[in-house]
Amino acid sequence: MVAYILVAPFILIYGWMFIYPTIQMVQMSFTKSPLIGAGEWVGLKNYIRMFKDPTFYKSVVNTSYFVLLTVVPGTLVALGIALMVRRLNGWVQSVVLAAFFLPYVLPISVVYVIWDWLTNKQFGMLQGLIIPFTGESVNIWRTVPWFMPGVAVITIWWTNGFSILLFLAGLRNIPQELYEAAALDGATRRQMLTRITLPLLWPITVLCLTIQLILQMKIFDQVYLFAMGGRTQATMVMVQYIYEQAFQKNAGGYAATLAVALFVVVVVFSILQFQILRMRGQR
Amino acid sequence: MSVTSTSRRRIETGAVLLTALTAICALLWFFPIYWAIITSLRFDQDTVTDFALFPKSPTLSAYIFTIENSNLLRWYFNSTVTSVTITIITVAMAACTGYAISQLSFPGRKLLWWTILASFMVPVSALIVNHFIIIAQIKLLNSYAGIILPMLLHPVTVIVYKQFFDGLPREFREAAVMDGATEFQLLFRIFLPMNWGVTTALAIITFIGAWNSFLWPFLAAQDETMMTVTVGITAVQDAYGVAYGRVLSGAVLAGLPVALAYLLFQRRVTQAITLSAGIKG
């Protein structure tokens, strides 16, 4: 009895804010309805429309491109930083780690304002790095080929702290005796890195990659903010398309269909992640 | 002998170089934040002419302008109210649920646990449309309750609590039950006080997450007086024209509470992140 009192608030909130909206979303995806208000039942029409919709494919391609630009490169950068931070001790380590981790705790809108200033076409400090290659300053957020790589670099800068912490925890869990034994056998530093450190970090690497993958598939905030005030079609990502259909085109039914698609994609990848973690746990 | 001493010297030079490289990388990584702070401390006319690494005469004029000419203080208040409420409710709810699932047996326990694990996989961003509809139907758009309700979904805190309670010895519970303690006393007097660290860590990370959230508050509060600070600073950006110092001063203030929370509780934040990723830190 007491158990039910303890779990009641949780069940109430989850039923109301998680299970109910999920069911409503699926049901809505079969209707032609505005954002607020009932609509007629249209069966699979929205789904057929989605599979013929070039903007939907564009959003899938852009999201995949963004995932490609962030997940593996970001994890590698985090690994490199973790290996560098690992060598340090005491307060030096705390300060250096704080410098790398601080961006992670900042709100995305703050990150956006900071980088919008840094990359400003006229006055941005970073134009100094761009001009030697292009010969002129570039309006990064209004130039399609620059847009996604730009957002990817900023995203890596912003979210990397998380992976760095996981790698540091993983490095701490490697028994010191392994290195001592290897040193006795005359192993070089490079051999210790490639034969001990990296293989033992593999499970953490897989964990970082899958967490990043699922996180970055849900990209919206950065892309929305940097494209604000310009044309969004060319750089549209999946969540942004849901947002546009629901809140700008007032197409609630179709937005729900797009949301179901995102839902399915993320759940499939999450199940894969769960299986990988479980395999790790059993070993 | 001479061979080993040269190779040792080579290793030491390498180590020094590597440390220097690390320091340079850390400085470069921190530079965007530094540059934002420095620019916000310049006089307005200097932001686009003065590019010195230190401002010659630092001023708070941009901050004063932003505070006087925008709803920044109001947004700060909104962010504080919503983030603190979300933190308290989320952590209390997770502690109770985690405790019940870990320590008590009741019909539906397994089902509840699997639902929580399953909800961990669901992208909340797919639910925004329906969250908006639900909150609009009960007329809670542009209200604190409307901002807070959908942001109480934090299955991972329940998972961390359950695993934490699972790890505690069974004898505590049995002895306390013999002494006639109720479940509430057990949870709040014995189980939680045994390690406040976990609760502190989860509370800090929940607070940071709530303060930083963008998409939902952005949808739920269109009225400028109800915006959170993270949404507000992007909403008024155009109103300032090319006054970068002003925009940046708002951003520095918006990031300050979470940056401080991290710097003061660095160890707890690390603990919360490794716990929620399922690693023993």
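1. In what follows, helices and strands are DSSP runs, a helix having at least four residues and a strand at least two, and both are numbered from the N terminus. With that in hand, chain B reads along its sequence as α-α-α-α-α-α-α-α-α-α-α-α-α-α, which comes to 14 helices and zero strands. Please keep in mind throughout that this is a predicted model.

2. On the overall form of chain B, the radius of gyration is 25 Å, well over the 19 Å that the globule rule gives for 281 residues, so the chain is more spread out than a compact globule. The C-alpha atoms of chain B fill a box of roughly 80 × 75 × 35 Å along the principal axes. Buried residues account for 42% of the 281 residues of chain B, and, when contacts between residues at least 6 apart in sequence are considered, 76% of them join residues at least 24 apart.

3. The C-alpha trace of chain A spans about 75 × 70 × 35 Å along its principal axes. Of its 283 residues, 42% count as buried, while residues 24 or more positions apart account for 69% of the contacts in chain A with a separation of 6 or more.

4. How many residues does each chain bring to the contact between them? Chain A gives 64 residues and chain B gives 65 residues. On the side of chain A that touches chain B, the elements that give two or more residues are α1 (2–28), α4 (90–105), α5 (108–118), α7 (144–172), α9 (189–217), α10 (221–227), α11 (238–248) and α12 (252–282) of chain A. The largest share of that side, 15 residues, comes from α1(A). By class, the residues on this side of chain A divide into 55 nonpolar, six polar and three charged.

5. Which residues meet where α5(A) and α13(B) come together? From α5(A) they are Ser109(A), Val110(A), Val113(A), Ile114(A) and Trp117(A), and from α13(B) they are Tyr244(B), Val247(B), Leu248(B), Ala251(B), Ala254(B) and Gly255(B). By class, this contact of α5(A) with α13(B) has nine nonpolar, two polar and no charged residues.

6. The buried residues of α5(A) are Ile108(A), Ser109(A), Val110(A), Val111(A), Tyr112(A), Val113(A), Ile114(A), Trp115(A), Asp116(A) and Trp117(A).

7. Helix α8 (residues 176–184) of chain A is, by contrast, hardly covered, since the count of buried residues among its nine residues is zero. After α8(A) comes Gly186(A), whose phi is positive, near 80°.

8. Asn250(A), in the loop between α11 and α12 of chain A, has a positive phi of about 55° although it is not a glycine, and with 13 C-beta neighbours inside 10 Å it counts as partly exposed. Lys139(B), in the loop between α5 (128–137) and α6 (144–148) of chain B, has a positive phi of about 60° and is likewise not a glycine; with 9 C-beta neighbours inside 10 Å, Lys139(B) counts as exposed.

9. A last point concerns Leu27(B), which has its place in helix α1 (residues 2–40) of chain B. Is Leu27(B) buried or exposed? A residue with 12 or fewer other C-beta atoms within 10 Å counts as exposed, and Leu27(B), with 12 of them, is therefore exposed. The C-alpha atoms of Leu27(B) and Leu140(B) are separated by 45 Å, these two residues being 113 residues apart along the chain.

Definitions and conventions: Residues are numbered from 1 along each chain as its sequence is written. Chains are lettered from A and ligands numbered from 1 in the order in which they are written. This is a predicted model: local features need pLDDT of at least 70, side-chain atom pairs count only at pLDDT 80 or more; totals for chains, interfaces and linings use all residues. Two residues are in contact if their C-beta atoms, placed from the backbone, lie within 7 Å. Ala, Val, Leu, Ile, Met, Phe, Trp, Tyr, Cys and Pro count as nonpolar, Asp, Glu, Lys and Arg as charged, and the others, Gly among them, as polar. The radius of gyration is taken over C-alpha atoms; the globule rule is 2.2 Å times the number of residues to the power 0.38. A residue is buried if 20 or more other C-beta atoms lie within 10 Å of its own, exposed if 12 or fewer, and partly exposed in between; C-beta atoms are placed from the backbone.
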